[in-house]
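This briefing is meant to be read with the sequence and the model side by side. Please look through both before going on to the topics that follow.

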Amino acid sequence: MKKITKMNELAWVIGILVSTFGVALCTKADFGLSMIAAPPYIFHVWLRDMIPWFTQGTSEYAWQGVILLLTCIVTRQFKFRYLISFGTAVLAGLSLDMWLMVFGGNGAYEELWVRIAAFFFGEIVTSFAIAFVFRTTLPIQIYELAVVVVAEKFSLDRNKVKLANDIIMLVLSAVLSFVLTGGFNGFGIGTIIITVVNAPLIGIFGKIVDRYFEFDSMFPKLFGERKEK
């Protein structure tokens, strides 16, 4: 079967739109967000009454800005491409707010079966979208950038750094949920499920998209060529 080529830029757009679509669905399911998406959601819930304009999407890229600052402090370095990645985070935050507006806000669905369906479909499409984004040469969000930069700076295994980061974010999500909101807000059984299945799902979808797509660039001089892993 002939592969679809020149997917680099389109995959980046699909990755942002579809991943935020998935996060919006998981938010509406209200079983808990991923260990990555939970902290900014918790800050949003904590601050939304005091700061009405502090949307979930705004909290998302503000939180990524904090992670970027911490990454620069830990590694004692800063590069211009970090700001480009922050720009990607801003676009993702705006996209998330757009989907939540389409869905009528970030309040949970009432029907249990709808919540369950929204959670599982949201996690599936999010994993698919991340598999797409990982194959582009365009700027990645701060979450992934921090893992890459720390691993490179201290000559550590990237997978181990990613695992450590996920565990830290999982614990942090639980602490923030109870300290700031007094209960299960953004953190729950869904957070645990996503932590367990996220990486395997991304791996499965990665193999599928590699079978049908080539992620070379339409503008190689501008965005570069993808290096095979």
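Which residues have the most contacts inside the largest nonpolar core? They are Ala29, Leu33, Leu96 and Phe119, in a core that has 20 residues. The model is a predicted one, in which local features need pLDDT of at least 70 and side-chain atom pairs count only at pLDDT 80 or more, while totals for chains, interfaces and linings use all residues. Residues are numbered from 1 along each chain as its sequence is written, and side-chain values use heavy atoms, with hydrogens and water left out.

**Overall build**

- The protein has nine helices and zero strands, where helices (H or I, at least four residues) and strands (E, at least two) are DSSP runs numbered from the N terminus.
- The radius of gyration, taken over C-alpha atoms, is 17 Å, close to the 17 Å that the globule rule gives for 229 residues, so the protein is as compact as a globular protein of that length; the rule itself is 2.2 Å times the number of residues to the power 0.38.
- Along its principal axes, the C-alpha trace spans about 50 × 45 × 30 Å.
- Of the 229 residues, 46% count as buried, a term that means under 20% relative accessible area, with exposed meaning over 50% and partly exposed in between (1.4 Å probe, protein chains only).
- Among contacts (heavy atoms within 4.5 Å) between residues at least 6 apart in sequence, 80% join residues at least 24 apart.

**The nonpolar cores**

- A nonpolar core is a set of buried Ala, Val, Leu, Ile, Met, Phe, Trp, Tyr and Cys residues joined through side-chain atoms within 4.5 Å.
- In soluble globular proteins, nonpolar side chains tend to be buried together.
- The largest core, with its 20 residues, takes two or more residues from each of helix 1 (8-29), helix 2, helix 4 and helix 5 (112-133), and helix 1 gives the most, with six residues.
- Apart from this core lies another, of 13 residues, among them Tyr82, Ile142, Tyr143 and Ala146.
- Leu96, one of the residues with the most contacts inside the largest core, is in contact with Thr20, Val23, Ala24, Gln56 and Gly57, leaving aside its neighbours within four places in sequence.

**Helix 7**

- The 24 residues of helix 7 (residues 158-181) should span 34 Å at 1.5 Å a residue, and the end C-alpha atoms are 33 Å apart, which agrees; the expected span is 1.5 Å times one less than the number of residues.
- Its buried residues, including Val161, Asn165, Asp166 and Met169, pack against helix 2 (38-47), helix 3 (56-75) and helix 6 (142-153).
- At the start of helix 7, a side-chain oxygen of Asp157 reaches to within 3.0 Å of the backbone nitrogen of Lys160, and the helix is followed by Gly182, whose phi is positive, near 75°.

**Two buried residues**

- Met35, in the loop between helix 1 and helix 2, counts as buried because its relative accessibility is 2%.
- Not counting residues up to four places away in sequence, Met35 touches Asp166, Met169, Leu170, Ser173, Thr191 and Thr195.
- Thr88 is found in helix 4 (residues 80-102) and, at 4% relative accessibility, also counts as buried.
- Leaving aside neighbours within four places in sequence, Thr88 is in contact with Trp12, Ile16, Pro139, Ile140 and Gln141.

How values were computed
A polar contact is a pair of N or O atoms within 3.5 Å; within protein, one must be able to donate a hydrogen and the other to accept it, and residues adjacent in sequence count only if both atoms are side-chain atoms.
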